Amino acid sequence: MTLSPQTASQMTRDLCRLAPIVPVLVVDDVATARPLAEALVAGGLPALEVTLRTPAALDAIREMSQVTGGHVGAGTLVTPADVRAAKAAGATFGVSPGATPALLQACADEDLPLLPGAATATEAMKLLEYGFDMLKFFPAEAAGGAPALKSIGGPLPQITFCPTGGVNPQNAPSYLALENVLCAGGSWVAPQKMVAAEDWAGIEALAKAAAAL
Ligand SMILES: O=C(O)C(=O)C[C@H](O)[C@H](O)COP(=O)(O)O
């Protein structure tokens, strides 16, 4: 099977329209995965990105995929092997910090809609040449923040973005106000301490506040 970049972008764009914030999750303990996803979805954040940065990540994706109303994707996709593992675990989309031809091909082969990362006009233009017009702007704050993304939108208005990396409740509104931003990614809605303490009501409240941004 080969998923076209155009179709992949349409699918990730639809996901990014579900809520203003996509939680970026680092799951250490698979036992927390399902209640964490339930709290975030209940709070109004249905699209979830589980980073492949911990040994528990793939099992966490498997668990979270059972949660009604959730859309669980895999983040930190770097290699074709990551893509195959994410797909096998049940991820319905992928997110990568950047993009390589091998990664793009693996996502097409696995039918995994990818939100590929770009930080500069040239990177965005290369992805546009492939057919991707829904991108992750990463690392958002370090790469110039909302002013940089606004500037990229001048010559490249056909590309829409999900800025991620250093986004927080204070600066999120300045991104979300841009015409070329559909949503933003952020880890603050699932603080490690609250997850460890199993404070699901607290996390649901954070999600509600983020959903209202
Ligand atoms: O691992 C990945 O693929 C990523 O997507 C990196 C994330 O963008 C950051 O982890 C966002 O984290 P915060 O800056 O804490 O919101």
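1. Strand 2, helix 3 and strand 3 form a right-handed β-α-β unit. Right-handed here means that, with the strands pointing away from the viewer, the path from the first strand over the helix to the second runs clockwise. Helices (H or I, at least four residues) and strands (E, at least two) are DSSP runs, numbered from the N terminus. This is a predicted model: local features need pLDDT of at least 70, side-chain atom pairs count only at pLDDT 80 or more, and totals for chains, interfaces and linings use all residues. Residues are numbered from 1 along each chain as its sequence is written.

2. Strands 2 and 3 run parallel and are joined by five bridges. Pairing requires at least two DSSP bridges between the strands. Ala47 sits opposite His71 of strand 3.

3. Strand 3 and strand 4 (residues 93–95) are parallel, with two bridges. Ala74 is opposite Gly94 in strand 4.

4. Strand 3 is mostly covered, with five of its five residues buried. Buried means that 20 or more other C-beta atoms lie within 10 Å of the residue's own; 12 or fewer is exposed, in between is partly exposed, and C-beta atoms are placed from the backbone. Cover comes on both faces: His71, Gly73 and Gly75 are buried on one side, Val72 and Ala74 on the other.

5. Helix 3 (residues 57–64) is mostly covered too: six of its eight residues are buried. These are Ala57, Leu58, Ala60, Ile61, Glu63 and Met64. Their cover includes helix 2, strand 2 (47–51), strand 3 (71–75) and helix 4 (80–89). Contact means C-beta atoms, placed from the backbone, within 7 Å.

6. The largest nonpolar core has 74 residues. Such a core is a set of buried Ala, Val, Leu, Ile, Met, Phe, Trp, Tyr and Cys residues joined through C-beta atoms within 7 Å. Leu40, Val50, Ile61 and Leu135 touch the most other members. Helix 2 (residues 33–42) gives the largest share of this core, six residues. Leaving out residues up to four places away in sequence, Val50 touches Leu25, Val27, Ala57, Ala60, Ile61, Met64, Val72, Ala74 and Gly75.

7. The ligand is surrounded by 15 residues, the closest being Thr51, Gly75, Thr76, Thr164 and Ser187. The criterion is a C-beta atom, placed from the backbone, within 6 Å of the molecule. The shell divides into five nonpolar, nine polar and one charged residue.

Notes: Two residues are in contact if their C-beta atoms, placed from the backbone, lie within 7 Å. Ala, Val, Leu, Ile, Met, Phe, Trp, Tyr, Cys and Pro count as nonpolar, Asp, Glu, Lys and Arg as charged, and the others, Gly among them, as polar.
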